[in-house]
Amino acid sequence: SLLMITNQLETKQSKLLQTLNLLMCFAAILLVAVTLTNGLLVIPRAVVEPMNQMNQDLRQSEGRLAATLHSIGDGVVSADSSGKVTNLNAVAEALTGWSYSQAIGKPVHEIFRIVDTKTRKEVESPVWETLNGGRIIHVSEHTALIAKDGVERLIDESCAPIRDVSGVILGAVLIFRDITGEHRRREALRASDERFAQIAEV
């Protein structure tokens with residue numbers, strides 16, 4: 001599914017970044033050793049080449065992730081383990097009313113405000129439930145997204161955790177789509193069926 005693909009890309013990127021960070025730490029230690037030995041210690045190619053390859057892989061992964069996020073027809077918002085926005089695609093920008101530059105670093109509940117259409121009460125972001133429970137969350141169909149400009153749209157949404165290689169939750173990815181048009185068509189069809197049934201009874 002779309003949620004799984006996005007989650008896999010985010011997880012792969014986090015694993016690459018984790019490995020690159022470890023290699024960078026090792027390289028820093030070697031650099032100190034080189035300095036202390038007045039340049040007599042040479043960093044082996046076996047260390048340098050994997051670092052260069054990992055850096056290249058990470059950049060390619062970031063490019064693929066960005067291309068995937070921006071080509072998806074649904075809104076996608078990624079958050080870190082503290083619930084702050086780390087990424088969002090063009091569809092998410094359009095639906096929430098927040099641009100990429102405005103949204104990055106903001107708490108996800110500020111960007112992604114949702115309410116229950118029946119009770120009109122604000123609904124907690126599924127990102128928190130995913131971060132706390134570590135599972136995929138599917139939100140009720142009676143949910144509306146309130147955009148930055150106040151425009152309200154009915155949405156269908158899911159949220160999944162982003163994990164590192166050891167299974168630790170690094171964040172969450174939220175995928176949602178505007179179903180306002182679909183809802184209106186279903187309601188119009190239901191009303192039409194009811195009128196037809198009433199006429200048939202006469």
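Two strands pair if DSSP finds at least two bridges between them. Strands (E, at least two residues) and helices (H or I, at least four) are DSSP runs, numbered from the N terminus.

## The model

This is a predicted model: local features need pLDDT of at least 70, side-chain atom pairs count only at pLDDT 80 or more, and totals for chains, interfaces and linings use all residues. Residues are numbered from 1 along each chain as its sequence is written, and side-chain values use heavy atoms, with hydrogens and water left out.

The protein has seven helices and eight strands. It contains 202 residues, and 36% of them are buried. Buried means under 20% relative accessible area, exposed means over 50%, and partly exposed lies in between (1.4 Å probe, protein chains only).

Contact means heavy atoms within 4.5 Å. Take the contacts in the protein with a separation of 6 or more: residues 24 or more positions apart account for 54% of them.

Strand S1 covers residues 75-80. Five of its six residues are buried, so S1 is largely enclosed by the rest of the structure.

S1 pairs with strand S8 (residues 169-178). The two run antiparallel and share six bridges. S1 also pairs with strand S2 (residues 85-88), again in the antiparallel sense, over three bridges. Ser78 has a bridge partner in S8, Val173, and another in S2, Asn87. S1 and S2 form a hairpin with four residues between them. In its turn, Gly83 has a positive phi of about 80°.

Strand S6 (residues 143-146) is covered on both faces. Thr143 and Leu145 are buried on one side, Ala144 and Ile146 on the other.

S6 runs antiparallel to strand S3 (residues 113-116), with four bridges joining them. Here Arg113 has Ile146 as its bridge partner in S6. S6 also pairs with S7 in the antiparallel sense, over three bridges. Leu145 stands opposite Arg153 in S7.

## The S6-S7 turn

The hairpin of S6 and S7 has five residues between the strands. Gly150 sits in this loop and takes a positive phi near 95°. Is Gly150 buried or partly exposed? Gly150 counts as partly exposed, because its relative accessibility is 47%. Gly150 and Thr96 are 54 residues apart along the chain, yet their C-alpha atoms are separated by 9.4 Å.

## The nonpolar core

A nonpolar core is a set of buried Ala, Val, Leu, Ile, Met, Phe, Trp, Tyr and Cys residues joined through side-chain atoms within 4.5 Å. The largest one here has 20 residues. Val77, Val85, Phe112, Val127, Leu145, Leu174 and Phe176 touch the most other members. At least two residues each come from S1, S2, helix H3 (90-96), helix H5 (108-111), helix H6 (126-133), strand S7 (152-163) and S8. S8 gives the most, with three residues.

Which residues does Phe176 touch? Leaving out residues up to four places away in sequence, they include Val77, Ala92, Leu95, Phe112, Leu145 and Ile155.

## A charge over a ring

Lys148 lies over the face of Trp98, 4.5 Å from the ring centre. A charge sits over a ring if NZ of Lys or CZ of Arg is within 6 Å of the ring centre and within 35 degrees of the ring normal.
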